Amino acid sequence: MDMNEIKEIFFQECEEQLAELESGLLKLNDGDRDPETVNAVFRAVHSIKGGAGAFGLEELVAFAHVFETTLDCVRSNKLEPNQDVLKVMLKSADVLADLVTCSRDGGSVEESRTRGLVKELEALANGEAPPAAEAPKAAKPAAAPVVQPTDDSGFQPIPFTFDSFGDDEAVEDQFTYEVTFKPTRELYSKGNEAALLLRDLSRLGEMSIACDMDQLPALESMDPEASYFGWKISITTPKSEDEVRAVFEFAEWDCELDVKSAETAEGEELPMIPVPFDLSALDDEPAEAVQPQAETAAKASVPEATSSVAKAVNAAVEKKESAATAAAAAAQNNAAAASSVGQTIRVDLDRVDRLINLVGELVINQAMLSQSVIENDNNGVSSINMGLEELQQLTREIQDSVMAIRAQPVKPVFQRMSRIVREVADMVGKQIRLVTEGENTEVDKTVIDKIAEPLTHMIRNAVDHGIESPEKREAAGKDPEGTIKLSAKHRSGRILIELIDDGGGINRERVKQKAIDNDLISPDANLSDEEIDNLIFAPGFSTADKISDISGRGVGMDVVKRSIQALGGRISISSRPGLGSTFTMSLPLTLAVLDGMVVTVAGQTLVVPLTAIVETLQPEASAIHSFGANQRLISIRNSFCPLVDVGRILNFRANQANPVDGVALLVESEGGGQRALMVDAIQGQRQVVIKSLEANYTHVPGIAAATILGDGRVALILDVDAVVGASRGQSLKPEMSLAATG
Amino acid sequence: MAARKAASGKLALSPVLDLNEASVLHGKLMSMRGKDVVIDASAVERVGVQCAQVLVAGAAAWQADKKSFLVEKASDAFEKTMQLIGISETQLIAKEI
């Protein structure tokens, strides 16, 4: 593993730590005062700082350091995390995220922004601001957290100085501490080395040590990589207790550590060995310390920095596991989970994709095999046939398991939204609270990657246009603080994401007028409320009277809709004037497989996604009614539903087929309206592997993707919404050109 | 040195006795059980606690087997690290009794 790879891992982990940081801060913001939450937040910043130091990312280290110092005040109850404090912290988290991004991709964060926040953070740490903060001890001037100067090599030494809060000791005074230190296995597996920690400790003063070997088992039963030794150490030093503890700060969560001043310490029962002060023999090696990866970094640095660099690189490597640990801790919200290292592994996405592709091929192959067996097995009872059924079951299970590997909670995307809400709300001077729900709902990674953009756009819209200004809200008798709720849940094999705002709702009059002005509808069109609401998804539609920085840049909700549709999803809106709007997105859980109904249309085999189908029926001649020039309706249980000839609309045939000869599939479109799609016959129902048409051929209007059937033929997967949209015949510009696809 | 008899072995320690080396060292020692052993620590530049654990457990095992286990020519780094982590010379020696 070379340095770049380690750096890459560092940045990946930064993402995780930043997510952890943000979720912790938001929890605190919601009144959570669990010390573990504060610890998790502190750990996140601390880990970022540690790793950044190893790579000489000065700006990042400097900022993280100040941030961490303030967080430490919260951790030690010197600073009450009230709303004002958390506001600064959340902003700092945003800047930290930007600094990470800049460190990775280049560029720089506006210096005034960083400087301003550093000042605010320092003020908080010094107990200067805000009114609710009580910081009796932190008020001492010694506590001022100042960004440390960097040395010539560009590295900033990592052992930090935030420790001196409230230390009253005169520098020359000597103190004796009794330290008990017992590393866990994780300490070593993360690349830390107890011997190096002890060496660093010994440098603080005069030290004697006793090794507790009681837990060391017999040679044959020992695990060479486990941790058995613990130590009792007595150290006399001018340093404060915090400084002694700081030696172990990278290993703090992977060891049992107790530091007491000698007066309070209990009697010593182990014989102590004095540790020689001259440990220069050990000085050459920590550069290559513990993990060979550290070599590169350490060699590039000046000797004085080697120890901290090696330590920090180890920390960077360590975070590979600790990120998973932290996530688990957040989920379970208990400290015990912090040691669950080794429960997760990091796998390159390409490998998973390859596996998924292969399983896809396996499914196709298995279907082909089944088909040829069925064709050659006239009585249908051969043992091969039964074996094949089991194979089919197994294949399905393998496929589900592989899909589960790619499933990820939507949490990271939701968290990104809270930042957007914060920033946009600040920009437009609104008070908005984002409430998220069901953020652990899992969905395929590709879906997650692709919903971020449309969701961002919708959130911006909700903040900019949805929620009213505080004055307007108050005038309307509402809480001046608006609420946007973002929720996710699973529903019938899909993920449902709802974005609910308690703003003013859609101004239907204005929307309609705008649509008329833009020639989207004719002035005399008689539209239902729902249809008016859905006009905002029409291409080029924007109700904002003036184009703002935030939204309304010409890319409107039509882009959002298209992105959602491209994912095989649907989006709809319902709005209540004065009370707010609800956007509902329904997305497939995966983009790799699909349960579909295989149908025949004009000699072609098509697959209709099962999720779209409400029911199937055999139309009777008496139920078919003509309507207008060439529209037909079918009467179903006393209501009329437009009949859409799929073969005609896709240009598979020149004339409409006779509905009585075919089958009608009742489908629900994203607008909520139902359509009966006419097909010639139903072949069956099966799971198909989605093959992108765009990637392998080119986009075909009305067709979402393709698949390979058991007999090796390619079948097209119908884009139900596009077909329904094209059949509407109203002035909503159809996206389909209805080119021949056969 | 009593280790020059027929059933004796010599084990030269690697320069870097880190986490990765702990299992290797453990394996080597396990394969030498039952005979006197002399550990050559002259090349050692770095010792991690886990290798030290293996060595101490080794000395105890040899002691139990009543075989000799001797560390010789310890490098400065080896000696200093052992001192640092509180392991005395006697804990690394087993004598034939």
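Biologist: What makes strand 14 and strand 23 of chain A a pair, and which way do they run?

Modeller: Strands pair if DSSP finds at least two bridges between them. Strand 14 (residues 604-609) and strand 23 (residues 714-718) of chain A are joined by two bridges and run parallel, so they meet the definition. At one of those positions, A:Leu606 has A:Leu716 as its bridge partner. By the way, this is a predicted model, where local features need pLDDT of at least 70 and side-chain atom pairs count only at pLDDT 80 or more, while totals for chains, interfaces and linings use all residues. Residues are numbered from 1 along each chain as its sequence is written, with chains lettered from A and ligands numbered from 1 in the order in which they are written.

Biologist: And what makes you call something a strand or a helix in the first place?

Modeller: Both are DSSP runs numbered from the N terminus: helices are H or I with at least four residues, strands are E with at least two. Counted that way, chain A has 21 helices and 23 strands.

Biologist: How many bridges link strand 22 to strand 23 of chain A?

Modeller: Five bridges, with strand 22 (residues 703-708) running antiparallel to strand 23. A:Ile703 is partnered with A:Leu718 there. Five residues sit between the strands of this hairpin, and A:Gly712 takes a positive phi near 90 degrees.

Biologist: Why is B:Lys66 called exposed?

Modeller: B:Lys66 has 10, so it counts as exposed. B:Lys66 lies in the loop between helix 2 (49-64) and strand 5 (69-72) of chain B. It has a positive phi of about 60 degrees although it is not a glycine. Most residues other than glycine have a negative phi.

Biologist: Where does B:Lys73 fall, exposed or partly exposed?

Modeller: B:Lys73 has 14 C-beta neighbours inside 10 Å, so it is partly exposed. B:Lys73 sits in the loop between strand 5 and helix 3 (76-84) of chain B, and its phi is positive too, near 50 degrees.

Biologist: How much of chain A is buried?

Modeller: Buried residues make up 41% of its 742 residues.

Conventions: A residue is buried if 20 or more other C-beta atoms lie within 10 Å of its own, exposed if 12 or fewer, and partly exposed in between; C-beta atoms are placed from the backbone.
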